[in-house]
Amino acid sequence: MNERRAFLKAIASAAVGSAAGSKPAPPPDPWLERYSRQLVLPQWSEAAQRALADASVLVVGAGALGSPVATYLAGAGVGRLGVVDDGAVELSNLHRQHLHFTPDLGVPKAHSAVAKLAFLNPDIVIEPYQAEFNAAMVEGQDLVVDCTDSFAARYAVNAACCAAGVPLVEGGVVGMSGLVMAILPGETACYRCAFPQEPPPGATPTCAQAGVLGPAAGVIGSLQALEALKVLARLDGALTDAFLQVDLATHEFLRVSVRRREDCPDCGAA
Amino acid sequence: MPVRTLDVSDLTCPMTWVRTKLELERLEVGEALEVRCAEGEALENVPRSAADAGHDVRVDGRIVRIVRR
């Protein structure tokens, strides 16, 4: 633990040192400066930025998908970010889970992630939940991003978000391919509308069995973060009533339309 | 109607346009904003960005007058 504390301290002092060395005068308005490259976008606005600052987002899973998702959402200025993960950092995680470093081995992932995110954006509230996901966690959230790595968890997060009416961005990656989908419960198709039958355990390979390349997870997580920003800032073009199937071996991005099912046990009216 | 004014002459790109853009977002369509820019980069970029965003733009010396569209 001492080694890790020294490591975090070193990052902090390096950041302070380089900032002091390169820029003597503080910017006139740090808030504008921090978010200037997104504020300058035609699609973005002060209202969009304020919507982000007022939002509470839960990132379920602090691994390969959760790392880019939480990094981009914290950087973009989401006001309250919760990070859920019940695992601890393992050596086999490090090639793809970029919020965790070698000195973090054995540290709970939720805490390891939050420590880095706090360095990234000290102006927001970031909370670690070292626990398994449960449905009560989505209450009061403006958006949930599912970065879990099992079908069981994915269906559980979808059901909880549908029941609570909380928007959700789904994602999954294995090997060199993945999938992303944005869901507005009660308005657009949910994950179970798209995939009604949960695969039986063992029917599909996990990351541990099939492997995954770090950048492939980075692409899918980045797409999830982008969809999350679109939903939170109410931008046009969110990936709703469809999912994006991404094959990074062939560079094929396939957008597949999906319809809401009236008889969907998770989101249907019946 | 009083014209809103903004002085970005001590800022550098892209903060000149960020400030201007945020100020324009506070205006109703048809309202005008006069932006004082420094010579050089700002006086080139602010009018161009405003025109690209679809607003009416007129430059008078170092004052960029923008009508929100």
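**Reading helices, strands and a chain contact**

Tutor: Happy to! Keep in mind that this is a predicted model. Start with one contact: Ser67(A), Pro68(A), Val69(A), Tyr72(A), Leu73(A) and Ala76(A) in α4(A) meet Gly218(A), Gly221(A), Ser222(A), Gln224(A), Ala225(A), Ala228(A) and Leu229(A) in α9(A).

Student: How do those residues divide into nonpolar, polar and charged?

Tutor: In the contact of α4(A) with α9(A), eight residues are nonpolar, five are polar and none is charged.

Student: At what angle do helix α4 and helix α9 of chain A pack?

Tutor: The general idea is that two packed helices are described by the angle between their axes and the distance between the axes. Here, α4 (residues 66–76) and α9 (residues 214–232) of chain A pack at about 35°, and their axes are 7 Å apart. The crossing of α4(A) and α9(A) is right-handed.

Student: Now the strands. Which way do β7(A) and β8(A) run, and how many bridges join them?

Tutor: In general, side chains in a regular strand alternate between the two faces of the sheet. In this model, β7(A) and β8(A) run antiparallel and are joined by six bridges, with Leu244(A) opposite Arg255(A). Their hairpin has four residues between the strands, and His251(A) there takes a positive phi near 65°. Strand β7(A) is also joined to β6(A) by four bridges, again antiparallel, and Gly178(A) stands opposite Val246(A).

Student: How many residues of chain A are in contact with chain B?

Tutor: Seven residues of chain A are in contact with eight of chain B. Helix α2 of chain A gives the most to chain A's side, with three residues. That side divides into four nonpolar, two polar and one charged residue.

Notes
Residues numbered from 1 in each chain as written. Chains lettered and ligands numbered in written order. Predicted model: local features only at pLDDT ≥ 70, side-chain atom pairs only at ≥ 80, totals over all residues. Contact = placed C-beta atoms within 7 Å. Helix = DSSP H or I, 4+ residues; strand = E, 2+ residues; numbered from the N terminus. Nonpolar A, V, L, I, M, F, W, Y, C, P; charged D, E, K, R; others polar. Axes fitted to C-alpha atoms, helices over the stretch in contact; angles between N-to-C directions. Left-handed = near helix turned anticlockwise from the far one by under 90°. Pairing = 2+ DSSP bridges.
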